[in-house]
Amino acid sequence: MQHRELGRSGLHIAPLVLGGNVFGWTADQATSFHILDAFVAGGGNAIDTADGYSVWVPGHQGGESETIIGNWLKQRNRRDDVVIATKVGWEVNPENKGLAKKYILRAVEGSLKRLQTDYIDLYQSHKDDPTVPVEETLEAYTQLVQEGKVRAIGASNFSADRLRESVAASSAHNFPRYESLQPLYNLYDRAEFERDLLPLVQEHNIGVIPYYGLAAGFLTGKYRTEADLQKSARGGGVGQKYLNEKGLTILRSLDAVAARQQATPAQVALAWIIAQPGLTAPIASATSAEQVTELLKATELTLTAADLQELEQASA
């Protein structure tokens, strides 16, 4: 599988990243191990998680996903084979959140321990913290890079203005710069990223690993009617946002392209992201090894100019 460099980080990843948000939530440890095994067996090498996964589940403290990944890395002895990306800054609890230097330096130790590793390949600001100067956050990352605990840094859910400010601060103070951006981006959710962020990441050669590449499952095609929304716990939220005329128009185009390509709508939706200029690799999660194998086939699809035009028009 052809790997792509993530920004200028020196990290080279396959064009599909495995999302770890389901580990310890809708996938228990045994299932998560099967998913991870299938992903690397299929040629994948980058796994994305966060210290806040899965704090939204009643009874969870955060760090459940990192713990499962760490157990897998140790049992399978795969640390040198994969790129591990995790995040800091989401509110784990009222005392543990944000991007202050003191908190980042404390939080990273928890992630390293749970992941059972000496270093994190890509350490990301999970979301912007407007209460902290970008210089303070970057100072923390500078220390972690110098200590060998972090190889590269990234940003997630940043506005164009704050990302631009951060890039300028890195240049002015010789801090490490954000080598990646993790935004919301898919065939339905295009406008904001393409308008505000895409020109910036292309100008500075920042890698892009968007989340919700399948729009919370909507672009798989399994949610087409109100009755379909009852199929999963996510259905209600999916329906409120995506089950409308625009969404159904996109699904019709995905169906048409999938038929021509002898693929699934999910594979086409991910292949569309992979084909976009400036996009490095979409993130997708799965709840079974079979799903992973199917999703990885997106990396083998070559969409034609006609395919891309049809999807572009349907999702504009």
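**Entry 1: the second largest cavity**

I sorted the lining of the second largest cavity by class and got six nonpolar, two polar and three charged residues. For the classes, I counted Ala, Val, Leu, Ile, Met, Phe, Trp, Tyr, Cys and Pro as nonpolar, Asp, Glu, Lys and Arg as charged, and the others, Gly among them, as polar. The lining includes D128, D129, V134, T137, F158, R162 and Y178. Helices α4 and α5 are the elements that give two or more residues to this lining. About 40 Å³ of space lies inside.

Note on the source: this is a predicted model, where local features need pLDDT of at least 70, side-chain atom pairs count only at pLDDT 80 or more, and totals for chains, interfaces and linings use all residues. Residues are numbered from 1 along each chain as its sequence is written, and side-chain values use heavy atoms, with hydrogens and water left out.

What I call a cavity is a set of points on a 1 Å grid over the protein atoms alone where a 1.4 Å probe fits but cannot get out; lining residues have an atom within 4 Å of a point. Grid points are joined across faces, edges and corners, and the volume is the space filled by probe spheres set on the points.

**Entry 2: the largest cavity**

I found three cavities of 30 Å³ or more. The largest holds about 60 Å³ of space. L6, I13, V17, D48 and I209 are among its lining residues. Strand β4 gives the largest share of that lining, three residues. By class I got nine nonpolar, no polar and one charged.

**Entry 3: helix α4**

I checked the length of α4, residues 134–146. Its 13 residues should span 18 Å at 1.5 Å a residue, and its end C-alpha atoms are 18 Å apart, so the two agree. (The expected span is 1.5 Å times one less than the number of residues; helices are DSSP runs of H or I, at least four residues, and strands are runs of E, at least two, numbered from the N terminus.)

Which residues of α4 are buried? I list V134, T137, L138, A140, Y141, T142 and L144. Buried means under 20% relative accessible area, exposed over 50%, partly exposed in between (1.4 Å probe, protein chains only). Just after α4, G148 takes a positive phi of about 80 degrees.

**Entry 4: aromatic rings**

Y123, Y141, F158 and Y178 form one aromatic cluster. Y141 is also on my buried list for α4, and F158 and Y178 line the second largest cavity.

Conventions: On a 1 Å grid over the protein atoms alone, a cavity is a set of points where a 1.4 Å probe fits but cannot get out, and a pocket is an open set with protein on both sides within 12 Å along at least five of seven lines; lining residues have an atom within 4 Å of a point. Rings of Phe, Tyr and Trp (its six-membered ring) pair if their centres lie within 6.5 Å; planes under 30 degrees apart count as stacked, over 60 as edge-to-face and the rest as tilted.
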